[in-house]
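Please look through the following notes with the coordinates open beside you.

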Amino acid sequence: MEKKEKTAGTISFKSRLIGIVGTGHSVGCTHFSIMLLNYLAGYLRRNAALLEFNPSGDMARLEEICTGTVQRNSPCRILEADYYKNAGLQELEEALKRKYEDILIDFGTAAEGNMGEFWRCDRRFVVGSFSEWQQESFREFEMGNRVSGRKSWKSLAVFGSEETRREFKRRYRIETERIPFSADAFAVTEECGKFFGKIIAEK
């Protein structure tokens, strides 16, 4: 849950920062981010926002499709949540001032994202893929950051075979949760709801 800190006899609000990064392109990082946002905002009824900390431009395209236009300023409201396109530290500061209960940050890929900010998040999710052409970057991220002594994160994947997932666990001790497939990132199915409830509750 969100953190509250006591200061000078009062209780100050602190948003929960949730960082999401992909180990490569097209592994499902943004799809997962939107799914998680809609679980928090639409299902749990929490005040939540998603910041696009990467150059993909996906949030602008999403805004145009959902609203028919792209406003110069952020955020854009879609259903129960706010979306900040082309965001950076200034937009993060603005979001913190708005006192969202949850602020999700889509860092894009580990190679292009602001990893310093990712490691400062309260919760961290790494989305990889076990597809043959993507599994090496997944392994490199996991092993490289394990060696460097980084703090914990939750590893997730939607693509690739179950056999490969088990092999990664056996050979590299990489524990990975399988993201339930959902064609619509805005629809929270019962299976997705149980999955998100589990991974958000885990430390």
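1. Strand S3 (residues 16-22) has seven of its seven residues buried, so this strand is largely enclosed by the rest of the structure; buried here means under 20% relative accessible area, exposed means over 50%, and partly exposed lies in between, with a 1.4 Å probe and protein chains only. Both faces of S3 are covered, with Arg-16, Ile-18, Ile-20 and Gly-22 buried on one side and Leu-17, Gly-19 and Val-21 buried on the other. Strands (E, at least two residues) and helices (H or I, at least four) are DSSP runs numbered from the N terminus.

2. The model is a predicted one, in which local features need pLDDT of at least 70 and side-chain atom pairs count only at pLDDT 80 or more, whereas totals for chains, interfaces and linings use all residues. Residues are numbered from 1 along each chain as its sequence is written, and side-chain values use heavy atoms, with hydrogens and water left out.

3. Which strands pair with S3 in the parallel sense? Strand S7 (residues 102-109) does so over six bridges, and strand S8 (residues 123-128) does so over five bridges, where pairing requires that DSSP finds at least two bridges between two strands. Within this arrangement, Ile-20 stands opposite Asp-106 in S7, while Gly-22 has Val-127 as its bridge partner in S8.

4. In helix H6 (residues 162-172), the buried residues are Thr-164, Phe-168 and Tyr-172. They lie on the same side of H6 because they cover an arc of only 45 degrees around the axis, the arc being that of the directions from the helix axis to the C-beta atoms. The face turned away from this buried side carries the exposed residues Glu-163, Arg-166 and Arg-170, and helix H5 (135-147) is included in what covers the buried residues of H6. Just after H6, Arg-173 takes a positive phi of about 55 degrees.

5. The structure holds 20 salt bridges, each defined as a side-chain nitrogen of Lys or Arg within 4 Å of a carboxyl oxygen of Asp or Glu. One of these joins the side chains of Arg-61 and Asp-58 at 2.6 Å, N to O, and these two residues, three apart in helix H2 (residues 58-67), are separated by about one helical turn. Arg-61 is partly exposed at 43% relative accessibility, as is Asp-58 with a relative accessible area of 27%.

6. Glu-177 and Lys-198 also form a salt bridge, with the closest N and O atoms 2.7 Å apart. Because Glu-177 lies in strand S10 (residues 177-178) and Lys-198 in helix H7 (residues 190-201), this pair ties together parts that are 21 residues apart in sequence. Salt bridges that share partners join Arg-16, Arg-46, Glu-101 and Asp-102 into one network.

7. Beyond four places away in sequence, Lys-85 touches residues including Glu-52, Met-59, Ala-60 and Asn-73, contact meaning heavy atoms within 4.5 Å.

8. Rings of Phe, Tyr and Trp (its six-membered ring) pair if their centres lie within 6.5 Å, with planes under 30 degrees apart counted as stacked, over 60 as edge-to-face and the rest as tilted; by this rule the count comes to 16 aromatic pairs. Phe-32 and Phe-196 form a tilted pair, 5.8 Å centre to centre with 45 degrees between the planes. Since Phe-32 lies in helix H1 (residues 29-43) and Phe-196 in helix H7, the pair ties together parts that are 164 residues apart in sequence. Phe-32 is buried, with a relative accessible area of 1%, and Phe-196 counts as buried at 1% relative accessibility. Ring pairs link Phe-32, Tyr-39, Tyr-43, Phe-125, Phe-195 and Phe-196 into a cluster.
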